Amino acid sequence: MGFLQIANLGKVHFHEYGPGKKPLLAFHGYGMTGKQFHVLEKSVLQDFHVYGFDHFFHGESALDNWTEAQILAGMPKALVRDYVEEWFKVYGRQRFSVMAYSIGANLALILVEEFADMIDEIILMASDGITTYQGFNFLTNKPVGRLFFRTFSKSKWLMPSLLKNLLRFGIIDEALYKIAHSETDTQKKRDDVYYTLNLIRRLKPNEKKVAALINEYQIKTRLIFGKFDNLFPKSGARYFIDLLDGADIHEVELGHWLVTPALDEYLINFYK
């Protein structure tokens with residue numbers, strides 16, 4: 001493990017693991033850390049050595065004196081490139097691959113925009129960035145949604161009520177309800193959700209550009225979806241999938257909670 005100091009941003013913590021030789025830069029989902037992909041020990045980790053970055057408001061990564069106004073304005077997309085430039089300073093300029101789950105996919109796909117000629121493989125699981133969850137878009141980009149989000153995140157009572165009603169009307173399923181409830185049951189957790197989603201709201205990859213670069217540089221691309229995922233299902237990524245030449249697409253018998261030992265068992269045959 002180690003830290004990358006990124007100018008105008010902060011201190012980014014990363015976890016290092018896996019017996020494989022090929023470097024793999026990885027970005028986790030909400031509520032996790034860069035260690036999230038450790039469960040893929042029988043499959044992906046046999047080929048790759050992972051550098052798993054903690055998002056801000058997760059793990060040990062920390063912004064450098066950012067004000068609340070800066071956080072709510074969102075992290076500039078150009079700063080994502082600096083993750084790799086700083087990593088190069090430590091490990092040398094070399095080819096690498098990227099992996100991501102859920103909201104982490106936004107950063108991975110932005111790196112494809114910036115470093116397509118140096119990327120060997122892309123592994124995305126339940127990926128944001130190629131399919132948009134309109135609930136997040138409403139809460140972080142629409143004026144009414146932003147006011148709504150702030151009000152609910154500061155209230156001890158409103159958030160639980162909202163989640164129960166989302167479950168009641170089928171907008172989220174039982175699994176997502178349990179995850180969301182566990183991540184919002186204290187004021188600090190509610191603040192972390194609020195600040196995380198606002199910080200990353202401008203980190204949106206250009207789908208057409210990413211697909212064109214994947215095709216141009218013939219980057220091996222594996223997209224994995226949960227059959228029962230209500231957040232980022234395969235159906236929402238159809239536009240992006242249709243732009244790709246020969247991507248490896250999988251839909252497994254899981255929900256959004258995808259990075260599990262069950263997925264590791266599923267992927268074993270692809271990393272022998």
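What distance separates the side chains of Asp191 and Lys154 in their polar contact? The answer is 3.1 Å. This is a predicted model, so the values here are computed from it.

**Asp191**
- Asp191 sits in helix α9, which spans residues 187–199.
- Asp191 counts as buried because its relative accessibility is 18%, and buried means under 20%.
- Its side chain makes a polar contact with the side chain of Lys154.
- Beyond its neighbours within four places in sequence, Asp191 is in contact with Ser153 and Lys154.

**The cavity**
- The structure has one cavity of 30 Å³ or more.
- The largest cavity holds about 90 Å³ of space.
- Its lining includes Phe27, Phe53, Asp54, His55, Phe56, Met75, Tyr83 and Leu107.
- Thr196, Leu199, Ile200 and Leu203 also line the largest cavity.
- By type, the lining residues of the largest cavity are nine nonpolar, two polar and one charged.

**Helices α6 and α7**
- Helix α6 covers residues 143–153, and helix α7 covers residues 158–168.
- The two helices pack at an angle of about 115 degrees, and their axes lie 7 Å apart.
- From α6, the contact uses Phe148, Thr151, Phe152 and Ser153.
- From α7, Leu158, Met159 and Leu162 take part.
- The residues of this contact of α6 with α7 are five nonpolar, two polar and no charged.
- Ser153 of α6 belongs to this contact, and Ser153 is also in contact with Asp191.

Technical notes
Residues are numbered from 1 along each chain as its sequence is written. This is a predicted model: local features need pLDDT of at least 70, side-chain atom pairs count only at pLDDT 80 or more; totals for chains, interfaces and linings use all residues. Side-chain values use heavy atoms; hydrogens and water are left out. Helices (H or I, at least four residues) and strands (E, at least two) are DSSP runs, numbered from the N terminus. Buried means under 20% relative accessible area, exposed over 50%, partly exposed in between (1.4 Å probe, protein chains only). A polar contact is a pair of N or O atoms within 3.5 Å; within protein, one must be able to donate a hydrogen and the other to accept it, and residues adjacent in sequence count only if both atoms are side-chain atoms. Contact means heavy atoms within 4.5 Å. On a 1 Å grid over the protein atoms alone, a cavity is a set of points where a 1.4 Å probe fits but cannot get out, and a pocket is an open set with protein on both sides within 12 Å along at least five of seven lines; lining residues have an atom within 4 Å of a point. Grid points are joined across faces, edges and corners, and a volume is the space filled by probe spheres set on the points. Ala, Val, Leu, Ile, Met, Phe, Trp, Tyr, Cys and Pro count as nonpolar, Asp, Glu, Lys and Arg as charged, and the others, Gly among them, as polar. Axes are lines fitted to C-alpha atoms, for helices over the stretch in contact, and angles run from 0 to 180 degrees between N-to-C directions.
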